[in-house]
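The sequence and structure come first, and the packing follows.

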Amino acid sequence: MSIKDSHHGIYLLPNLFTTASLFSAFYSIVASLKGHYEAAVVAIFIGMIADGLDGRIARLTNTQTDFGAQYDSLSDMVTFGVAPSLLLYSWILHSMGKVGWLVAFMFTASAALRLARFNIHVEDQDKRFFQGLSSPTSAAVVTSFAWMCHQYEFNNGFVLILVAIITVIMSILMISNIRYYSFKDLDFKGKVPFLYLVIMVVLFIAIAANPAVVLFLGFTTYALSGPVHALWHFYDNESDDA
């Protein structure tokens, strides 16, 4: 749908979920400024869930439009670029002075570059893979780590350096050319083995028991899978050439 066509109306349902994601991001920013860091993290994850639903609902209901795609991209920038950076800076990175806000800005800028690159290559790229780590995953890694540290009251100098390093690494992975499996080719409407349902139940129980730790370990494992696979592929090709 073109901008001109948008004057005739927009589809409400998918854009409601996009608005919910944007609202969660704004709430997270306000909570971070007030020092309510756990609430800020939870709001970002709620925004992540809403962001994951809007596109799927649009595809299921055949209500995909250019307006919805642009609105979703702008919302993602706030939810996964601005809100996590402000959370990290308000929580601990401000202790590093200028270096702290530069690290936070690096994450925001990387998210913007990642989204811009995704938008211009959305039609010609392999749907099974992402080029670079997705911004929602990067946000999930840094915010779940902040949640875990806040939960266990880890706020010493070592944690400060670790937060800065993790933030820089996630920023670099977002703008890298490393490929990540997107899971977009999974068929959630078809039949699956009973074991899959058991695994999902165990996963839900684990997240409910300690969401901060489980989410951090899960998203960090996925974030590391790209570089590990790239290195394995590189050395495998080197051994074949030898």
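Predicted model: local features only at pLDDT ≥ 70, side-chain atom pairs only at ≥ 80, totals over all residues.

Helix axes here are lines fitted to C-alpha atoms over the stretch in contact, and angles run from 0 to 180 degrees between N-to-C directions. In those terms, helix α2 (residues 37-60) packs against helix α5 (residues 135-151) at an angle of about 155°, and their axes are 9 Å apart. Angles over 145 degrees count as roughly antiparallel, and α2 and α5 are therefore roughly antiparallel to each other. The crossing of α2 and α5 is left-handed.

On the α2 side, the contact consists of Tyr 37, Glu 38, Val 41, Val 42, Ile 44, Phe 45, Met 48 and Asp 51. These meet Pro 136, Ala 140, Thr 143, Ser 144, Trp 147 and His 150 of α5. By class, the residues of this contact are nine nonpolar, three polar and two charged.

The geometry of both pairs is tabulated below.

| Helix pair | Residues | Angle | Axis separation |
|---|---|---|---|
| α2 and α5 | 37-60 and 135-151 | about 155° | 9 Å |
| α3 and α4 | 66-91 and 98-120 | about 165° | 9 Å |

Helices α3 and α4 are therefore roughly antiparallel to each other as well, and their crossing is right-handed. From α3, the contact includes Ser 73, Asp 76, Met 77, Phe 80 and Tyr 89. From α4, residues including Gly 100, Trp 101, Phe 107, Leu 115 and Asn 119 take part. The contact of α3 with α4 divides into 11 nonpolar residues, six polar and one charged.

Notes: Residues numbered from 1 in each chain as written. Heavy atoms only, no water. Helix = DSSP H or I, 4+ residues; strand = E, 2+ residues; numbered from the N terminus. Parallel < 35°, antiparallel > 145°, perpendicular 65-115°, else oblique. Left-handed = near helix turned anticlockwise from the far one by under 90°. Contact = heavy atoms within 4.5 Å. Nonpolar A, V, L, I, M, F, W, Y, C, P; charged D, E, K, R; others polar.
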